[in-house]
Amino acid sequence: MRDQQSATLPSIFICLTLLWLAKPVRADSAQDAFKHNITVFTRILDRLLDGYDNRLRPGLGDGATEVKTNIYVTSFGPVSDTDMEYTIDVFFRQSWKDERLKFKGPMNILRLNNLMASKIWTPDTFFHNGKKSVAHNMTMPNKLLRIQDDGTLLYTMRLTVHAECPMHLEDFPMDYHSCPLKFGSYAYTMSEVTYTWTRNASDSVVVEGESSRLNQYDLQGQTVGQETMKSSTGEYTVMTAHFHLKRKIGYFVIQTYLPCIMTVILSQVSFWLNRESVPARTVFGVTTVLTMTTLSISARNSLPKVAYATAMDWFIAVCYAFVFSALIEFATVNYFTKRGWAWDGKSIVNDKKEKAAAVKQNNAYAVAVANYAPNLSKDSTLPSAAKGNSTDPYKAKTDGKDSKKTFNSVSKIDRMARILFPVLFGGFNLVYWATYLNREPVRKDMVPST
């Protein structure tokens, strides 16, 4: 037993020594393999670029180069109504096949950065309706390039595009807009470079959830398509993506519609005031007219200076007409009120003539008294005449008539206006909101926004 134990101990020691010596050998072999792979990568890249002319497109002389594209939207908005443009931040992806970049090696895909992209041919894509496009370069150019072993390339870049968005504001602020994004080749015609979408319509343009930077709009969805543009230099393929927007009406209800409605209602309060309350009704009429003028001016500040009337303009115009009509109604009532007093005052005019005649008679009596003063005591009829004439006949007549007059009578025009104006204004609001809120364009093949 002791001999067996003595023989086992040296063998265990030898095995441990061999394992300890094997670790550096394995590490050295892994490092050598890594260095070998780097050398292989370098040789592959050098071989790909050896004799490569990036001035020539792939497949020159054999047919058109097909460029497959798709867009991933990371941020949408804001949208400017005054400039009719919008801002969009995207990952713009292009894929094509270049037979000159085929390779064989231990890997299937070469993952490279923008340095390699500047040494090979890339499509000269530009945005047709872009006012300004920015390629992000912080901290390095945001570009990605991948080359597969069969020569297929994937080229991705991050862009911020300020693009035009034609708007038709006839239905503002219950309007819908379709903002396009159009891109294609700048120099190559359809016979040389063609564009297609990488996948189907629902996957070619993807909008990131909660990427919207919109305060006044809702992004409902997007549609994709393809057009052909003809020019003096040839026919070009144009890829189109339309982003469908619906305006939020809440801001305008609070800022414009409710104040206009309240102003019209305030102008109709004057119908319930006494028609002799000229100062109060004048203040109601003039103040509401000036308020509507201010609202109409402020409502136009956030819109471009279009030559046609919008839905809000029509609403403000009708409200202005109601307010102005209320002021005209008061002027009419006041005018006929004065005419009524004039006709009722015919008897008063006659009474004034009688009063003047009575005063004249009293004056004649006074002259007679002065001339025949000595005979006043003898003449028994004069005192009774004096006493009788001392009473004012005008006063007696007018007192009886004034007691029958109604100073706070309600005008028939006011009575009709109290019913007619609210009914007409309510009917107008019913037709207005039913017409514009039910207008919604029909869009085919729209992909709803997530």
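**Questions about contacts, cysteines and a pocket**

Reader: Which side chain does a polar contact join to the side chain of Asn-70?
Author: In this predicted model, a polar contact of 3.2 Å joins the side chain of Asn-70 to a threonine side chain, that of Thr-198. Asn-70 itself sits in strand S1. Leaving out residues up to four places away in sequence, Asn-70 also touches other residues, including Phe-91, Trp-197 and Ser-204. The polar partner you asked for is Thr-198.

Reader: Is Asn-70 buried or exposed?
Author: The cut-off for buried is under 20% relative accessible area. Asn-70 has a relative accessibility of 6%, so this residue counts as buried.

Reader: Thanks! How many disulfides does the count come to?
Author: A pair of cysteine sulfur atoms must lie within 2.5 Å to count. The sulfur atoms of Cys-165 and Cys-179 are 2.0 Å apart, and these two residues form a disulfide. Cys-260, on the other hand, is in no disulfide. The count comes to 1 disulfide.

Reader: What is the handedness of the link of Cys-165 and Cys-179?
Author: The angle about the S-S bond settles this one, and for Cys-165 and Cys-179 that angle is -75°. The link is left-handed.

Reader: How many residues apart in sequence are the parts that this pair of cysteines ties together?
Author: Cys-165 lies in the loop between strand S7 (152-164) and strand S8 (176-185), whereas Cys-179 lies in strand S8. The pair therefore ties together parts whose separation in sequence is 14 residues.

Reader: Are Cys-165 and Cys-179 buried or exposed?
Author: Cys-165 has a relative accessible area of 0%. Cys-179 also comes out at 0%. With buried meaning under 20%, Cys-165 is buried, and Cys-179 is buried.

Reader: Which residue has a side chain in polar contact with that of Thr-160?
Author: Thr-160 lies in strand S7 and counts as buried, at 13% relative accessibility. Beyond its neighbours within four places in sequence, Thr-160 is in contact with several residues, among them Thr-87, Asp-89, Lys-132 and Val-134. The polar contact between side chains, at 2.6 Å, is with His-136.

Reader: Which strand gives the most to the lining of the largest pocket?
Author: The largest pocket has a volume of about 240 Å³ and is lined by 16 residues. Strand S2 (85-97), strand S4 (125-127), strand S5 (130-135) and S7 each supply at least two residues of this lining. With 6 residues, the strand that gives the most is S5.

Reader: How many residues of that lining are nonpolar?
Author: Among the residues nearest the centre of the largest pocket are Phe-127, Met-157 and Leu-159. The lining includes 5 polar and 3 charged residues. The nonpolar residues number 8.

Reader: Where is the proline that a cis peptide bond joins to Phe-172?
Author: Most peptide bonds are trans. The bond from Gly-77 to Pro-78 is cis, with omega near 5°, and Pro-78 lies in strand S1 (residues 65-80). A cis bond also joins Phe-172 and Pro-173, with omega about 5°. Pro-173 is in the loop between S7 and S8.

Reader: What is the phi of Met-84 near?
Author: Most residues other than glycine have a negative phi. Met-84 is found in the loop between S1 and S2 and counts as partly exposed, at 23% relative accessibility. Its phi is positive, near 55°.

Reader: One last thing: how far apart in space are Gln-255 and Ser-298, C-alpha to C-alpha?
Author: Gln-255 is found in helix H4 (residues 250-268) and counts as partly exposed, at 43% relative accessibility. In sequence, Gln-255 and Ser-298 are 43 residues apart. In space, their C-alpha atoms are apart by 9.5 Å.

Terms used: Residues numbered from 1 in each chain as written. Predicted model: local features only at pLDDT ≥ 70, side-chain atom pairs only at ≥ 80, totals over all residues. Heavy atoms only, no water. Helix = DSSP H or I, 4+ residues; strand = E, 2+ residues; numbered from the N terminus. Buried < 20%, exposed > 50% of the residue type's maximum accessible area, 1.4 Å probe, protein only. Polar contact = N/O pair within 3.5 Å; in protein donor to acceptor, adjacent residues only side chain to side chain. Contact = heavy atoms within 4.5 Å. 1 Å grid on protein atoms, 1.4 Å probe; cavity = no way out; pocket = protein on both sides within 12 Å on 5 of 7 lines; lining within 4 Å. Points joined across faces, edges and corners; volume = space filled by probe spheres on them. Nonpolar A, V, L, I, M, F, W, Y, C, P; charged D, E, K, R; others polar.
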